Amino acid sequence: MYITTTIPYVNARPHLGHALELVQADVLARHHRRRGEPVRFQTGTDDNSLKNVLAAEAEGVPVRELVDRNAAAFEALRGPLDLSFDAFIRTSSHPGHRAGVERIWEATRHDLYQRHYEGLYCVGCEQFYPEGPCPDGHEAPLQLVSEQNWFFRLSRYQDILLDLVRGGRLRIEPAARRNEVLAFIEAGLDDISVSRSAARARGWGIPVPGDPGQVVYVWWDALANYVTALEGGDYDRWWVAEPRKVHLMGKGVIRFHAVYWPAMLLSAGKPLPTGIFVHDYLTADGRKISKSSGGAADPVALVDAYGVDAVRWWLLREVPRVGDADFTEGRLAARADEDLANGLGNLVNRVVTMVHRFLDGRVPVEAREEVPFDVDDAVHEALEAFDFRRAASAVQALVEQANRYVERTRPWARSRAGQEVALATLVHACRTLAVQLEPFLPTAAARVAAAVTFAGDGRLPRPEPLFRRLAVPTAGPRDAPRAGVDGGRSPA
Ligand SMILES: [Zn+2]
């Protein structure tokens with residue numbers, strides 16, 4: 001499976017909304033790897049956006065400096081968030097990107113033409129609207145732009161796109177997003193402008209081949225990353241031969257991915273993605289995430305304060321498949337305490353403690369009962385539907401099932417033989433939990449696995465708390481870097 005996130009523009013540092021998409025993609029990647037499937041998980045940054053240019057101007061620093069600094073902050077989420085991406089592409093510095101964009105441009109040349117254009121442009125969205133204000137909520141007034149641009153014959157692809165989406169060859173989830181795309185296409189597709197004047201772009205971006213007075217529209221440039229990052233044999237492997245190619249994205253950018261991008265590929269004679277999963281937005285304390293959103297403005301500060309398990313668990317267990325989710329640090333701490341410290345951590349601790357108390361640390365694993373502590377199918381089905389919350393709940397249900405088993409078998413009240421059966425069964429359940437938890441909380445899963453793995457002396461390690469309680473944090477998030485964070489959608 002080839003799994004991508006969108007590549008955010010880098011006018012500011014990453015916030016929790018970016019972390020959501022990265023963690024979702026990471027769970028899919030780890031889940032499919034665990035099933036033995038080949039996986040490529042790719043993310044990156046859209047360095048060529050005009051928004052980056054304007055942010056650099058506002059800060060009074062060279063564009064290159066601002067882009068390098070913020071892109072590095074995105075790439076550096078890997079460690080704190082336990083991300084397992086295989087590739088990180090930056091559109092301004094990836095060696096194959098510019099040449100790849102130029103090749104796609106040439107391959108679609110039969111659908112490109114020049115036209116004088118006048119329209120109202122939202123820099124926040126990097127797109128034209130028939131009238132203001134920006135429907136996505138950007139406050140800056142739309143700019144009247146009048147120039148000669150290159151246009152792409154999107155209108156030619158209306159019928160084939162309808163067939164693709166209706167027939168499910170391009171699967172869009174959730175269904176409401178699919179219907180939104182169908183309604184957009186059915187309303188009729190106009191040709192779209194795919195370049196802008198180099199002057200308006202302040203000379204930043206990829207020049208149009210053969211027309212250096214224009215640069216390639218940033219969306220065209222950014223969308224191309226899904227194939228331009230595939231170098232050498234990787235393109236054939238991951239874009240031609242791979243049967244499952246899935247793009248994850250926020251709801252604001254669905255039109256670009258479900259309409260413009262497939263049309264570009266059709267025009268260029270390239271294969272299409274097979275799946276598009278659209279998540280909704282996060283708010284923080286009921287408001288759009290902004291630089292004053294505390295921990296939500298800085299996922300690394302959040303990890304520093306609460307730990308990566310609590311942050312990933314909140315994103316996976318609390319954010320619904322459909323509908324916005326509101327983040328507060330209180331909810332994050334409460335959820336982690338309930339499920340991780342009191343639920344999973346307490347279960348493992350209880351089991352290991354009993355193994356030491358009753359069986360001197362040793363468990364005859366072959367004595368276990370065949371109790372179906374198995375949620376593999378439930379997790380897989382939920383993740384096939386991109387329902388991360390349902391998948392995390394299935395893992396949590398295993399904890400509850402094991403706790404009920406403890407209550408039902410009451411190992412402390414049994415004969416030694418009975419204790420062996422019950423505790424061997426529970427150790428097996430904890431090992432299953434470690435396996436099932438790995439895609440969601442890789443570091444916690446490793447701690448659970450270590451807690452129920454025999455040491456050299458054939459005994460389990462002494463019980464230790466696996467999770468600290470967070471509800472009354474001893475320290476707030478460290479002073480977060482206060483770079484501008486607008487909570488806006490990412491451009492690709
Ligand atoms: Zn806008």
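## Close-up views of a predicted model

**View A. Three strands form an open, antiparallel sheet in the order β9-β11-β10.** Strands β9 and β10 stand at the edges, each with a single partner strand, so one side of each is left without a neighbour in the sheet. As in the other views, the atoms shown come from a predicted model.

**View B. Strand β9, residues 195–197, pairs with strand β11, residues 211–216.** The two strands run in the antiparallel sense and are joined over three bridges. Ser195 stands opposite Val216 of β11. Arg196 has Val215, also in β11, as its bridge partner.

**View C. Strand β10, residues 207–208, pairs with β11 in a hairpin.** The pairing is antiparallel and covers two bridges. Val208 stands opposite Asp211 in β11. Two residues lie between the strands of this hairpin. In the hairpin, Gly210 takes a positive phi near 80°.

**View D. Four residues coordinate the zinc ion.** Why is the arrangement called tetrahedral? The four donor atoms subtend angles of 99 to 119° around the zinc ion, and four donors count as tetrahedral if all angles lie between 85 and 135 degrees.

**View E. The zinc donors are set along the chain with the spacing C-x2-C-x8-C-x3-H.** Cys125 lies in the loop between β4 (112–122) and β5 (127–129), while His138 lies in the loop between β5 and β6 (143–152), so this pair ties together parts that are 13 residues apart in sequence. Are Cys125 and His138 buried or exposed? Cys125 has a relative accessible area of 1% and is buried. His138, with a relative accessible area of 16%, is buried as well, because the cut-off for buried is under 20%.

**View F. Thr409 lies in helix α15, which covers residues 388–409.** Thr409 is buried, and its relative accessible area is 10%. Which backbone atom does the side chain of Thr409 reach? The side chain reaches the backbone oxygen of Tyr405, at 2.8 Å. Leaving aside neighbours within four places in sequence, Thr409 is in contact with Arg414 and Ala422.

Methods. Residues are numbered from 1 along each chain as its sequence is written. This is a predicted model: local features need pLDDT of at least 70, side-chain atom pairs count only at pLDDT 80 or more; totals for chains, interfaces and linings use all residues. Side-chain values use heavy atoms; hydrogens and water are left out. Donors are N, O and S atoms within 2.8 Å of the metal (3.2 Å for Na, K and Ca); water is not among the atoms, so sites may look incomplete. Four donors count as tetrahedral if all angles lie between 85 and 135 degrees; four count as square planar and six as octahedral if opposite donors are over 155 degrees apart and all others between 65 and 115; anything else is irregular. Helices (H or I, at least four residues) and strands (E, at least two) are DSSP runs, numbered from the N terminus. Buried means under 20% relative accessible area, exposed over 50%, partly exposed in between (1.4 Å probe, protein chains only). Two strands pair if DSSP finds at least two bridges between them. A polar contact is a pair of N or O atoms within 3.5 Å; within protein, one must be able to donate a hydrogen and the other to accept it, and residues adjacent in sequence count only if both atoms are side-chain atoms. Contact means heavy atoms within 4.5 Å.
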